[in-house]
Amino acid sequence: SAKMGNATQKAELGRSTWKLLHTMAAQYPEKPSSEERKALYQFFKLLSRLYPCGECAAHFQLLLKQYPPQTSSRVAASQWACAIHNKVNERLGKEIFDCSNIEEKYNCGCDEEGEKESLSL
Ligand code: FAD
């Protein structure tokens, strides 16, 4: 049915988005510049406004007010993303995830400093 389809799409969107967020956090600099910190913070704030599931976006905005994005380091960002995902898990009655090996789990192996530098200039 259409309702089943919506639920499936919402879950699929959620899985894809979480994958992106955790991978971004695992790839975030260990010593970010103030520009990089600002960018990550703004990214999450904008995501919470533009996320294409209205109910999810509204809840996420409230969560971000309570638990502002942590941007001081890769570890801080990764742990924060895991914790905020767990807040959503909790609300949806899902299992709480163990955050201790989070950076390894989401290591995409795409740490290409050289490529990044050549693109930015
Ligand atoms: P997901 O929660 O999608 O997780 C995918 C995989 O990530 C899991 O299989 C596990 O391997 C891993 N994982 C689980 N927990 C963590 C964690 N804490 N840290 C790192 N990895 C983890 N759905 C709603 O119905 N209502 C909402 O209000 C809602 N709000 C959302 C807000 C945001 C910002 C996002 C991104 C998604 C939201 N969703 C919401 C979708 C929901 O969170 C799930 O993505 C969806 O229900 C599919 O769940 P899942 O069980 O497949 O696993």
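Just after α4, G93 takes a positive phi of about 75 degrees. Keep in mind that you're looking at a predicted model.

**Helix α4**
- α4 is built from 18 residues, and from its first C-alpha to its last it reaches 26 Å.
- That span is close to the 26 Å expected at 1.5 Å a residue.
- Which residues of α4 are buried? They are A77, S78, W80, A81, C82, I84 and H85.
- Here's a handy bit of background: an α-helix has 3.6 residues a turn, so residues three or four places apart point the same way.

**Around the ligand**
- The ligand is surrounded by 21 residues, and the closest are G14, T17, C56, H85 and F97.
- α1 supplies the largest share, with 7 residues.
- Sort the shell by residue type and you get 10 nonpolar, 7 polar and 4 charged.

**Out at S100**
- You'll find S100 in the loop between α4 and α5 (102-105).
- Is S100 buried or exposed? S100 counts as exposed because it has 10 other C-beta atoms within 10 Å, and the cut-off for exposed is 12 or fewer.
- S100 and L20 sit 80 residues apart along the chain, and their C-alpha atoms are separated by 19 Å.

Conventions. Residues are numbered from 1 along each chain as its sequence is written. This is a predicted model: local features need pLDDT of at least 70, side-chain atom pairs count only at pLDDT 80 or more; totals for chains, interfaces and linings use all residues. A residue is near a molecule or strand if its C-beta atom, placed from the backbone, lies within 6 Å of it. Helices (H or I, at least four residues) and strands (E, at least two) are DSSP runs, numbered from the N terminus. Ala, Val, Leu, Ile, Met, Phe, Trp, Tyr, Cys and Pro count as nonpolar, Asp, Glu, Lys and Arg as charged, and the others, Gly among them, as polar. A residue is buried if 20 or more other C-beta atoms lie within 10 Å of its own, exposed if 12 or fewer, and partly exposed in between; C-beta atoms are placed from the backbone. The expected span of a helix is 1.5 Å times one less than its number of residues.
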